[in-house]
Amino acid sequence: MNEFEKILSVENVGRSFKTKAGNFIALENINLDFFEEEFVAIVGPSGCGKSTLLKIINGMLKPSTGKTSFRGKALGGINLECSMVYQNFGLLPWLSVLENIELGLLSRELSNAQAQKKAAHYIDKVGLDGHEEAYPRELSGGMKQRVGFARALAIEPEILLMDEPFSSLDPLTAINLREEILDIWEDPNLRITTVIMITHQIEEAVEMADRVIVMDGSPGHVVKEVKIPLERPRNRKSKEFDHYVGEIFELIT
Ligand code: ADP
Ligand code: MG
């Protein structure tokens with residue numbers, strides 16, 4: 001991976017939360033580099049700090065110690081080159097598909113016409129053409145997540161962050177959307193160069209990622225990084241695939 005330029009780094013990051021029981025350390029001493037053109041998965045048990053780490057990466061949450069930098073510059077606030085896809089889609093129920101996507105563009109200083117054009121383009125890209133005026137309640141889970149992807153893509157970020165994006169979907173829908181996300185990541189017409197995806201499914205991580213970061217809790221830390229040098233599309237039934245799943249499984253249990 002390291003022939004590619006470093007895009008983002010997390011240095012000595014720790015994060016604690018004040019709780020009734022006292023100071024709770026969610027993350028301790030996290031050191032990670034992310035590069036252009038890579039797809040990284042983060043796996044680890046529930047509560048080990050994965051979502052907290054992703055929020056620190058996009059700047060929604062400040063680290064208690066350490067820092068993050070983007071292309072060599074320390075990050076002070078929200079990183080406008082990141083956009084996020086959530087497990088539960090994060091759509092506003094009273095807004096239409098088009099309006100949900102336009103809302104994501106509010107901070108981008110576009111005219112209404114420009115925002116609408118961009119939103120329409122990405123609605124098309126994720127296969128939701130004709131559903132612009134629909135409301136979230138009228139959509140299946142898979143379609144809601146397509147809106148989530150379109151909203152993230154419309155921002156035209158360099159880094160796409162995804163927090164368990166396929167966990168709420170039925171298995172067949174998840175299979176299709178995983179393939180589409182890999183196509184989007186590889187599409188030379190899109191700006192996205194780096195994907196960072198949280199998952200608790202080891203197979204999903206091995207199917208999609210170039211590199212899997214394995215975390216554990218109490219407090220949240222990185223156990224190991226495992227490189228997955230397999231050609232894509234990957235065969236979940238192959239011996240090599242099993243090998244990597246087994247290696248990561250052992251690290252977690
Ligand atoms: P994961 O995504 O790996 O399941 P999280 O990053 O969501 O884990 O949470 C890690 C730990 O930090 C959990 O124990 C969670 O309860 C705690 N935590 C997360 N956010 C807060 C918060 N705002 N206040 C207090 N505790 C929090
Ligand atoms: Mg989480």
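## The shell around ligand 1

Strand 2 (22-35) and helix 1 (50-58) each supply at least two residues of the shell around ligand 1, and helix 1 gives the most, with three residues. Here helices (H or I, at least four residues) and strands (E, at least two) are DSSP runs, numbered from the N terminus. This is a predicted model, in which local features need pLDDT of at least 70 and side-chain atom pairs count only at pLDDT 80 or more, while totals for chains, interfaces and linings use all residues. Residues are numbered from 1 along each chain as its sequence is written, chains are lettered from A and ligands numbered from 1 in the order in which they are written, and side-chain values use heavy atoms, with hydrogens and water left out.

The residues surrounding ligand 1 (a heavy atom within 4 Å) include Phe17, Phe24, Ala26, Pro45 and Lys50. A backbone N or O atom of Gly47 lies 2.7 Å from an oxygen atom of ligand 1, and for a backbone N or O atom of Cys48 the distance to a ligand 1 oxygen is 3.2 Å. From Thr52, a polar side-chain atom lies 2.6 Å from an oxygen atom of ligand 1. The protein covers 62% of the 560 Å² of accessible area that ligand 1 has on its own (Shrake-Rupley method with a 1.4 Å probe; for residues, only the protein chains shown count as cover).

Within helix 3, Ala115, Ala119, Tyr122 and Ile123 are buried (under 20% relative accessible area; exposed is over 50%, partly exposed in between, with a 1.4 Å probe and protein chains only). They cover an arc of only 110 degrees around the axis, which puts them on the same side of helix 3; the arc is that of the directions from the helix axis to the C-beta atoms.

Those buried residues of helix 3 pack against helix 2 (97-104) and helix 4 (141-154), with contact meaning heavy atoms within 4.5 Å. On the face turned away from the buried side of helix 3 sit the exposed residues Ala113 and Lys117. Just after helix 3, Gly127 has a positive phi of about 80 degrees.

## Backbone details to look for

Most residues other than glycine have a negative phi, and most peptide bonds are trans. Asn12, in strand 1 (residues 6-19), has a positive phi near 50 degrees. Phe89, in the loop between strand 6 and helix 2, has a positive phi near 75 degrees.

The peptide bond from Ser218 to Pro219 is cis, with omega near -15 degrees. The bond from Arg232 to Pro233 is also cis, with omega near -5 degrees.

Definitions and conventions:
A polar contact is a pair of N or O atoms within 3.5 Å; within protein, one must be able to donate a hydrogen and the other to accept it, and residues adjacent in sequence count only if both atoms are side-chain atoms.
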